[in-house]
Structures are given as structure tokens and as C-alpha cells.
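Here is a quick walk through a few spots in this fold. Keep the viewer open and follow along.

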Amino acid sequence: MEDRSYRHLLERAAEHYPSRTETLEIIRGALDNAANRELLFEAARNVRRNTCGDQFRLTGGISSVLPCRLAPLCLYCPYWRSPEAQQASTDEIVAAVHHFKREGIREFHLSGGTIPGSDGSELLSIVQAIWNSGIRDMEITINCGAALNVETMRRMKKMGVVKTGVVFETADRELFKSMKPGDSFSAKEKFAWDINEAGLQMHSGLMAGLGQEESRPENYTDSLIYLRQFPHMQSLYISKFRPDPSIPLKNKEQCPLDEACVLVSAARLVLRDKEIRIAAGWNPQERVSGILAGGGNELCAMMLNHHAAYWKPGDTAENYESRLEISDSRSEQRAMIDKMGLEIQ
Ligand code: SF4
């Protein structure tokens, strides 16, 4: 049975930004009680409708655009563990972007890995190649760690980059250190402000299910309140921890769906009009739950499955593009959104 004081808590949160204490009560109350959880999901959907609307955009994505040289790698990350792992080639990236454009996609992201200490010139050359190929009217989000300087970001801004990622996964410094031993929280925090200085929007990310179960409500609360300080933050990924056989955390249990959905809803109440993206670790059915918990309003529907396809002598643009592997979930995403009574823009 729902808790009546919980309903009042949500009514107050619908009117104003919840404080830290209120956010923690909202999260705890929903994790402990299924009826409260349903109330929270409904409140988060209402906030989404009133702040962002119920229209969703379909976007594209290209991952592994750079190798990851963090040492050690993040404990939850399955990328770059195999010596055979290769970054996507610039040719592939450019061809995939043209494919997205022809299919009506207007925004895409370039993500991972990270080259610590870099000024960003490797990523700049990829963005430059996209620009030189004639792409002028697509919005690009880059997400390759705190490995870019302000000047490089300013140059990228002139070539279509609108947003830069600084994904913390958690704002708990100790947990961050144990999960991302090759990374630096303070470098990321400085980078978050560098993004502002470069005049770009910021994108971030949190992972549900990291750390000990009993400390997670505080971790989620403090992480959301921490992120609220960045006025230029426009979007947040919520990933859901899922063990992969290749990672050091392979024996840790996956994050329960309800818990990840509670984090999505709490993010909607704390961050209001920011985009709350359902990211890695959610299967297609779970994604529906994430959207019903107030996630949105972007759906990544076209992804390059890169396999380091380089141009061969005699290739034409058409036959090169036909060798690309692009996963396309637009029809499934449209059907899902339709079923929920929402709209695709
Ligand atoms: S920085 Fe990104 S790609 Fe590199 S290990 Fe961490 S999560 Fe994986």
C-alpha cells in the first residue's frame, strides 16, 4: 500500500526542485515500497511532459572512435579488454555519418575510449574529416573522457560539435576511485568547467547498481545533487550495471530493473528539463520501463557496428558504404513509442 506522506513528498517535488533530504526520502521510499514506486514513476512522467514534452528524437551513434588507454581500465567496462579490439576507422566513421544523414538522422554521438593527457588532436582530426566531407547540418556529441583542451573544443564547436561528455558514473569519490582506478575525479570535474568555458553543452552519466546495495540510495542522491551544479549540463545517461564475463566485476549481481528505474525517476525530478537517456545495460524490454519511469527524450536508433573497414583500391562510396554494418532499430523504437502513446518528432 502506498504511503500517504510519500504522495505529499512527490507533490512538493513536482512544484520545486527537491532538496538532498527530500531526494533521499524519494529514492528510499520507492525502493522499499512497490506502490510508492508506481507513484514516483507517474510523477516523473508528469514532470517530463511538463518540462520536455512527450516527443522523442531518433539519433545515431558511433562508439570506439579512439582506443582506450586508461590503465587499469574501468572495472565495469568490457571494451578494450581483448588485444584484437580496434578503433573504428575514420573512413568508416565518415561513411556512417553520411548514411545517418541520408536516413534522416540529424544528430549523433562519437564515443570512447580515452587517451589520458591528450589535447584532443586525435578526436579533432575525426571531427575535421566529417566536416571536410561536407557534413554541415548535423549536431555532434563527443564523449571521450577528460582528454581535450578548451582550444580544441572551441575548434570542434565550429565544426558541428554541440555537446561534450564528462561521465562520472558516480559522484562518490571513493566509489569512483575503486571503479575507475585509471581515471581521475578531479580531472573530470575541471574538465566539466572547461566544457563551459569552451561554450559547449555538457553531457554526463551515472551507473545504477555500482557499490554496496545499502549505500546506493545515498550515492544516487549525492550524485544527482552534485550534477545539478553544472548549468551547462543538458543530458545524462543512466546505465544499468550488467556483469560481462570479461570484466573484473563479472561475479557482481546485475542492477535490479526497479532500482535503475527509480534512479531514472529521481533524475527526472532533480534535473527536471535535462534529457535522461536510457543507456548501456538495459535490454529492449527494460528500456520501455526506463521510459515509463520518466526517461527521454532521445533514442539512439542507428549504431555503427565497426569492424575497421578501410577503403580498398577501386572502392566507390556506394560499395564502401554497403560494407558497413549499421544496426537500425528505428522501426522497433517507433513501435515502442507508439504503444506508450508518445510521439517521435
Ligand atoms: S574510459 Fe570508457 S572505454 Fe575506457 S575503460 Fe573506462 S568506460 Fe571503458
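Leaving aside residues up to four places away in sequence, Asn297 touches Cys52, Gln55, Phe56, Arg57 and Glu275. Keep in mind that this is a predicted model. You'll find Asn297 in the loop between α11 (284-292) and β8 (298-304). Is Asn297 buried or exposed? Asn297 has 22 other C-beta atoms within 10 Å, so it counts as buried, the cut-off for that being 20 or more.

Now for the helices. Two pairs are worth a look, and here they are side by side.

| Helix pair | Residues | Axis crossing angle |
|---|---|---|
| α4 and α5 | 90-102 and 121-132 | roughly 45 degrees |
| α2 and α10 | 20-32 and 257-271 | roughly 155 degrees |

Start with α4 and α5, whose axes come within 10 Å. At that angle the two helices are oblique to each other, and α4 passes α5 in a right-handed crossing. On the α4 side, the contact is made by Thr90, Ile93, Val94 and Val97, while α5 brings Ile126, Ala129 and Ile130. Sorted by class, the residues in this contact of α4 with α5 come out as six nonpolar, one polar and no charged.

How are α2 and α10 oriented to each other? They are roughly antiparallel, since angles over 145 degrees count that way. Here, too, the crossing is right-handed as α2 passes α10. From α2, the residues Thr23, Ile26, Ile27, Ala30 and Leu31 meet Glu259, Val262, Ala266, Leu269 and Val270 of α10. The class count for the contact of α2 with α10 is eight nonpolar, one polar and one charged.

Last stop, the strands. Strand β5 (residues 201-208) is mostly covered, with seven of its eight residues buried. β5 pairs with strand β4 (residues 161-165) in the parallel sense, over three bridges. To spot this pairing on screen, look for Gly165, which stands opposite His203 in β5. β5 is also joined to strand β6 (residues 233-240), again running parallel, by seven bridges. There, Met202 has Met233 in β6 as its bridge partner.

Methods:
Residues are numbered from 1 along each chain as its sequence is written. This is a predicted model: local features need pLDDT of at least 70, side-chain atom pairs count only at pLDDT 80 or more; totals for chains, interfaces and linings use all residues. Axes are lines fitted to C-alpha atoms, for helices over the stretch in contact, and angles run from 0 to 180 degrees between N-to-C directions. Helices (H or I, at least four residues) and strands (E, at least two) are DSSP runs, numbered from the N terminus. Angles under 35 degrees count as roughly parallel, over 145 as roughly antiparallel, 65 to 115 as roughly perpendicular and the rest as oblique. A crossing is left-handed if the near helix is turned anticlockwise from the far one by less than a right angle, and right-handed if clockwise. Two residues are in contact if their C-beta atoms, placed from the backbone, lie within 7 Å. Ala, Val, Leu, Ile, Met, Phe, Trp, Tyr, Cys and Pro count as nonpolar, Asp, Glu, Lys and Arg as charged, and the others, Gly among them, as polar. A residue is buried if 20 or more other C-beta atoms lie within 10 Å of its own, exposed if 12 or fewer, and partly exposed in between; C-beta atoms are placed from the backbone. Two strands pair if DSSP finds at least two bridges between them.
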